[in-house]
Amino acid sequence: MFHNNNPIINTLIGMHLPKKRPMDNVLMDLHLPQEEEFALGNISKHSCYHWWTFPNKMKDYFNKYALLENLSSQEYSELKKAYLFLLKKVSLANSDKNLLIKNPVNTGRIPMLLELFPNAKFIYLERNPSEVYHSTLKLHLRLIERFSFQKYNEREIEANTLIFYRKIMEKYQNDKQLIPKENLFELTYESMLNKPLKTVRNIYAAFDLKKFDIAKNNFQTFIASQKNFKCDHYNIKKDFHLELQSFLENKSLEQAAFIAN
């Protein structure tokens with residue numbers, strides 16, 4: 001996220017930041033990386049993450065800024081302009097290094113990303129759907145609780161989380177055909193969790209990226225620093241997993257509320 005480079009202001013902001021993010025155990029600090037969608041929300045009205053402030057408009061924000069649907073030509077142009085401006089600014093601040101962007105919302109923005117960056121490389125990480133649902137729901141509820149300007153129905157948030165998950169997965173499966181095969185690498189969450197260095201090496205090799213051996217020590221140092229990190233675990237009933245899998249593959253979207261319950 002953007003912040004003022006004034007050290008006094010940085011210190012004051014830092015004093016009020018929690019040590020960890022409210023939805024998981026990831027550390028928070030002004031100088032640690034975060035999803036650029038937060039910064040996009042700071043500089044533009046064209047961001048999904050405004051749905052935490054206005055949860056009654058979650059579907060509108062999702063359809064427009066995750067699926068790129070129901071956007072006017074002006075809104076689409078403004079979104080692209082704001083996103084490009086953001087990444088240029090981040091690139092400039094990092095001496096024009098290649099940017100590695102992690103943003104779940106971009107799963108549905110492949111056409112726009114290819115318009116802006118035709119030779120972009122895409123890494124798709126697949127995770128157990130039940131864990132994704134519970135993790136995403138926890139994220140929504142924790143942040144809506146903190147930022148919402150509106151009264152909201154928790155059951156509706158649960159249903160929206162299911163609907164959004166299915167829709168964005170369907171869009172990814174359709175849109176990934178637009179990516180040249182040599183620019184797409186798909187992997188599992190478990191491979192990154194259990195064999196991070198080998199997985200990163202495989203990504204370098206797949207994209208023909210150079211200098212892995214030079215960066216290897218930095219990767220090993222970071223991996224070692226995370227050895228005590230504890231992932232969230234969810235008490236997921238087997239029946240729920242089967243219901244969710246069936247919903248993602250076959251069931252109508254109207255049944256989302258029933259499954260969420």
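1. **Helices α9 and α10.** In this predicted model, helix α9 (residues 196-206) packs with helix α10 (residues 212-225) at an angle of about 150 degrees. Their axes are 10 Å apart. Angles over 145 degrees count as roughly antiparallel, so α9 and α10 are roughly antiparallel to each other. The crossing of α9 past α10 is right-handed.

2. **Residues between α9 and α10.** From α9 come Pro196, Leu197, Val200, Arg201 and Tyr204. On the α10 side they meet Phe212, Asp213, Ala215, Lys216, Phe219, Gln220 and Ile223. Sorted by class, this contact of α9 with α10 has 8 nonpolar, 1 polar and 3 charged residues.

3. **Helices α2 and α4.** Helix α2 (residues 36-43) packs against α4 at an angle of about 120 degrees. The axes of α2 and α4 are 10 Å apart. Roughly perpendicular covers 65 to 115 degrees, and roughly antiparallel begins over 145. The pair α2 and α4 is therefore oblique. Their crossing is right-handed.

4. **Residues between α2 and α4.** Helix α2 contributes Glu36, Ala39, Leu40 and Ile43. Helix α4 contributes Leu79, Ala82, Tyr83, Phe85, Leu86 and Leu87. By class, the contact of α2 with α4 has 9 nonpolar residues, no polar ones and 1 charged.

5. **Salt bridges overall.** Side chains of opposite charge can pair when their charged atoms come close. With a cut-off of 4 Å between side-chain nitrogen and carboxyl oxygen, the count comes to 11 salt bridges.

6. Lys64 has 22% relative accessibility, so Lys64 counts as partly exposed.

7. **Glu115 and Lys80.** Glu115 counts as partly exposed because its relative accessibility is 46%. Lys80, at 22% relative accessibility, also counts as partly exposed.

8. Is Glu131 buried or partly exposed? With a relative accessible area of 25%, Glu131 is partly exposed, since buried means under 20%.

How values were computed
Residues are numbered from 1 along each chain as its sequence is written. This is a predicted model: local features need pLDDT of at least 70, side-chain atom pairs count only at pLDDT 80 or more; totals for chains, interfaces and linings use all residues. Side-chain values use heavy atoms; hydrogens and water are left out. Axes are lines fitted to C-alpha atoms, for helices over the stretch in contact, and angles run from 0 to 180 degrees between N-to-C directions. Helices (H or I, at least four residues) and strands (E, at least two) are DSSP runs, numbered from the N terminus. Angles under 35 degrees count as roughly parallel, over 145 as roughly antiparallel, 65 to 115 as roughly perpendicular and the rest as oblique. A crossing is left-handed if the near helix is turned anticlockwise from the far one by less than a right angle, and right-handed if clockwise. Contact means heavy atoms within 4.5 Å. Ala, Val, Leu, Ile, Met, Phe, Trp, Tyr, Cys and Pro count as nonpolar, Asp, Glu, Lys and Arg as charged, and the others, Gly among them, as polar. Buried means under 20% relative accessible area, exposed over 50%, partly exposed in between (1.4 Å probe, protein chains only).
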